[in-house]
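This briefing walks through one protein chain, topic by topic. Keep the sequence and the 3D view open while reading.

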Amino acid sequence: KAIDDGVSSGKKVPEMEILIQQQADKHLKTTDPYTGAPADQAALAKDEVSHFALRLAYCRTEELRRWFLTQECALFRHRFRRLAGYAQAAFLAEHGLA
């Protein structure tokens, strides 16, 4: 919802990056808040489960599906941009996109 609110209020890309990072730090526990190291497997599994639970919740109508997909794409873009260059390349290669 925060991403949608940011876009609706006309925030530019740099402002959106800050907003998304603040929300990710608050809600997504994929990194250790103190070290920045990847979170443990339990935290990553919880992130995955929540993703699929939200997919189920937002698949009732086409409008909800599109809204959810838009938010997920914005979050993916943000996470991808924050990866180091070698990590981006590894991701693309791992998924047959390089």
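A residue counts as buried when its relative accessible area is under 20%, as exposed when that area is over 50%, and as partly exposed in between. Arginine 79, at 32% relative accessibility, is therefore partly exposed. This arginine is found in helix H4, the helix to which much of this briefing returns. The model is a predicted one.

**Overall make-up**

- The chain contains five helices and zero strands.
- Followed along the sequence, the pattern reads α-α-α-α-α.
- Of the 98 residues in the chain, 19% are buried.

**Helix H4 on its own**

- Helix H4 covers residues 62-82.
- H4 has 21 residues, and the distance from its first C-alpha to its last is 30 Å.
- That span is close to the 30 Å expected at 1.5 Å a residue.
- Which residues of H4 are buried? They are Phe68, Gln71, Ala74, Leu75, His78 and Phe80.

- Histidine 78 has its place in helix H4.
- Is histidine 78 buried or exposed? Its relative accessible area is 3%, so histidine 78 is buried.
- Setting aside residues up to four places away in sequence, histidine 78 touches Glu17, Ile20 and Gln21.
- Arginine 79, the next topic, is 55 residues from alanine 24 along the chain, and the C-alpha atoms of the two are separated by 9.2 Å.

**Where H4 meets H5**

- Helix H5 consists of residues 85-94.
- The axes of H4 and H5 come within 8 Å and cross at roughly 125°.
- An angle over 145 degrees would count as roughly antiparallel, and one from 65 to 115 as roughly perpendicular. H4 and H5 are therefore oblique to each other.
- On the H4 side, the contact is made by Phe76, Phe80 and Arg81.
- On the H5 side, the residues making the contact are Gln88, Phe91 and Leu92.
- Sorted by class, the contact of H4 with H5 has four nonpolar residues, one polar residue and one charged residue.
- Phe80 is listed in this contact, and Phe80 is also among the buried residues of H4.

**Salt bridges**

- How many salt bridges does a search of the whole structure find? The search finds three.
- Glutamate 17 forms a salt bridge with arginine 81, and their closest N and O atoms are 2.7 Å apart.
- Glutamate 17 lies in helix H2 (residues 13-27) and arginine 81 lies in helix H4, so this pair ties together parts that are 64 residues apart in sequence.
- Arginine 81 has 46% relative accessibility and so counts as partly exposed.
- Arginine 81 also takes part in the contact between H4 and H5.
- Glutamate 17 is also one of the residues touched by histidine 78.

- The side chains of arginine 65 and glutamate 62 meet in a salt bridge, with an N to O distance of 3.2 Å.
- These two residues are three apart in helix H4, so about one helical turn separates arginine 65 from glutamate 62.
- Arginine 66 and glutamate 62 also meet through their side chains in a salt bridge, at 3.7 Å from N to O.
- Arginine 66 and glutamate 62 are four residues apart in helix H4, so about one helical turn lies between them.
- Through salt bridges that share partners, Glu62, Arg65 and Arg66 are joined into one network.
- Glutamate 62 is partly exposed, with a relative accessible area of 41%.
- Arginine 65 counts as partly exposed at 36% relative accessibility.

**Helix H1**

- Alanine 2 lies in helix H1, which covers residues 2-8.
- With 22% relative accessibility, alanine 2 counts as partly exposed.
- Apart from its neighbours within four places in sequence, alanine 2 is in contact with Leu19 and Gln23.
- Alanine 2 and methionine 16 are 14 residues apart along the chain, and their C-alpha atoms are separated by 9.6 Å.

Key. Residues are numbered from 1 along each chain as its sequence is written. This is a predicted model: local features need pLDDT of at least 70, side-chain atom pairs count only at pLDDT 80 or more; totals for chains, interfaces and linings use all residues. Side-chain values use heavy atoms; hydrogens and water are left out. Axes are lines fitted to C-alpha atoms, for helices over the stretch in contact, and angles run from 0 to 180 degrees between N-to-C directions. Angles under 35 degrees count as roughly parallel, over 145 as roughly antiparallel, 65 to 115 as roughly perpendicular and the rest as oblique. Contact means heavy atoms within 4.5 Å. Ala, Val, Leu, Ile, Met, Phe, Trp, Tyr, Cys and Pro count as nonpolar, Asp, Glu, Lys and Arg as charged, and the others, Gly among them, as polar. A salt bridge is a side-chain nitrogen of Lys or Arg within 4 Å of a carboxyl oxygen of Asp or Glu. Buried means under 20% relative accessible area, exposed over 50%, partly exposed in between (1.4 Å probe, protein chains only). The expected span of a helix is 1.5 Å times one less than its number of residues.
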